[in-house]
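Work through the exercises below with the model in view. Each task is followed by its solution.

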Amino acid sequence: MSARPYVGMIRVSALAHKLGDSVAVAVEDLKKGDTVTVAYLDSSSETTLILKSDVPLGHKIALKDIKTGEDVIEYGHVIGYASAEISAGEHVHVHNLKSKRWSN
Amino acid sequence: MVQLTEIWGYERDDGKVGVRNHVVIIPVDDLSNAAAVAVSQVVRGTVAVPHPYGRLQFGRDLDLYFDTLIGLGKNPNVAAAIVIGIEPKWTQRVADEIASSKPTEAFWIEKSGDLRTVEKASRKAKEFVQYASELTRKKHDISELTLSIKCGESDTTSGLAANPALGIVVDRLIDEGATVLFGETSELTGAEDLVSSRFLDDDNRKKFLKIFNEYSNIIKSEGVDLLGSQPTEGNIAGGLSTIEEKALGNVQKLGTKPIVEALDYLDRPTKKGLIFLNTSSAAAEALTLFNAKGSILHFFTTGQGNVVGHPTMPVIKISGNTKTVQEMSEHIDVDVSGLLHREITLEKAADTIYDAMIKTLNGRLTAAEVLGHVEFSPVKLYVSA
């Protein structure tokens with residue numbers, strides 16, 4: 001393993017596509033309570049947050065608090081709306097994120 | 001890296017260039033599957049393509065069905081074709097169309113029975129295999145080729161890693177003058193504006209939007225929750241939550257070049273470059289259509305690990321999921337999981353895919369070919385009469 005997964009001395013455990021996205025993707029299995037460093041793919045920015053739930057590889061983490069009904073942003077685009085209150089560091093998936101296009 | 005644009009391929013009678021040299025046994029209908037499979041068991045070096053359709057279809061559905069069988073036979077990856085049907089008329093119709101591109105022979109079962117048909121077809125198939133074995137690969141340019149792209153059992157790693165890397169390869173192929181087909185109409189939902197804004201001209205843009213809206217309406221008209229179907233259960237297990245998220249990951253593989261044409265089911269490409277084809281998002285259905293429109297190699301990005309192949313078209317599997325590339329290593333041709341932990345750059349990942357493509361074009365077998373994945377699934381538009 002090269003040193004690239006690290007920003008400074010901290011391992012990057014999640015990636016976000018664009019600055020302003022409300023979610024990032026875990027690039028390894030993460031546990032509740034972990035301090036997670038998130039790197040942005042479109043810049044050299046990074047952010048750190050504490051996980052409020054387990055998040056498996058490939059699943060999303062809220063980067064900020066999201067109110068019920070609010071748009072959820074990834075790739076700089078709307079991927080759906082929050083169907084429940086979501087707080088930063090929480091797992092974001094089908095239990096709290098719904099499609100705006102095919103929802104019933 | 002200096003890119004190779006010369007490849008070794010087989011030129012067919014119609015001038016098209018393929019990268020495989022198959023003798024196919026095509027059943028015109030479900031009733032002829034047994035005879036077609038029997039021929040493929042008697043004559044080594046043939047591939048039978050059984051399927052469940054071909055009786056009492058009508059209208060646009062029948063047109064698409066014929067187009068799919070004819071496209072399979074005419075594809076330049078095929079050296080020669082045996083066509084077997086229950087009766088002569090439809091059998092001859094399919095065979096006559098294929099015959100403009102390569103040696104083709106038709107056989108029908110009525111008035112002969114399976115056994116005599118299998119014997120006659122096997123004698124011809126034996127000739128065809130020996131004919132095909134005399135053909136040799138010659139130098140051709142990548143610009144002569146049509147390739148296709150589609151992802152399956154996607155997850156968020158597809159949008160982070162495999163798809164953007166493939167997008168760079170697609171840009172390179174377009175720059176080199178090749179044609180690349182993409183589709184997955186319903187899986188553009190949420191990213192359709194990004195796609196429509198890339199069409200070179202308004203006529204094709206409008207045509208794309210019309211196709212897209214029609215497809216969406218069919219899906220919405222069922223009035224059901226699609227969660228589990230689209231996104232699939234595999235997508236959801238991999239972290240994808242909505243169709244919009246899946247679509248935005250999907251379009252990462254389209255690169256950045258203009259889209260030159262929008263094709264509906266019955267159209268054939270008339271231009272070179274990046275082309276949209278109306279397809280289902282189901283892997284085998286989409287690959288069957290891409291191949292019928294002339295694709296000779298397919299790039300298949302996967303997150304959770306789709307295993308699809310095709311009877312005559314090599315399918316290169318690319319994954320960026322660190323677990324999948326280990327757990328399903330025998331299915332993955334190109335591992336770009338280094339992107340997840342930023343151990344490699346997108347350009348480097350694209351180089352790896354490009355290199356695998358050149359080797360595959362020149363004859364290296366893909367995982368799906370070696371593992372016997374020969375899925376063939378014609379799309380059925382509506383019920384038979």
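**Exercise 1.** Leaving aside its neighbours within four places in sequence, which residues is Val39(B) in contact with?

Solution. This is a predicted model, in which local features need pLDDT of at least 70, side-chain atom pairs count only at pLDDT 80 or more, and totals for chains, interfaces and linings use all residues. Residues are numbered from 1 along each chain as its sequence is written, with chains lettered from A and ligands numbered from 1 in the order in which they are written. Contact means C-beta atoms, placed from the backbone, within 7 Å. The residues in contact with Val39(B) are Ile25(B), Thr46(B), Ala48(B), Ile82(B), Val118(B), Ala121(B), Ser122(B) and Ala125(B).

**Exercise 2.** Find the residues that touch the most other members of the largest nonpolar core.

Solution. A nonpolar core is a set of buried Ala, Val, Leu, Ile, Met, Phe, Trp, Tyr and Cys residues joined through C-beta atoms within 7 Å. Buried means 20 or more other C-beta atoms within 10 Å of the residue's own, placed from the backbone. The core has 143 residues, and Ile61(A), Ile26(B), Val39(B) and Ile82(B) touch the most other members. Helix α5 of chain B, residues 156-175, gives the most to this core, with 9 residues; helices are DSSP runs (H or I, at least four residues), numbered from the N terminus.

**Exercise 3.** Describe α5(B) by its burial and what follows the helix.

Solution. Of the 20 residues in α5(B), 17 are buried. Just after α5(B), Gly177(B) has a positive phi of about 95°.

Definitions and conventions:
Buried ≥ 20, exposed ≤ 12 C-beta atoms within 10 Å, placed from the backbone. Helix = DSSP H or I, 4+ residues; strand = E, 2+ residues; numbered from the N terminus. Contact = placed C-beta atoms within 7 Å.
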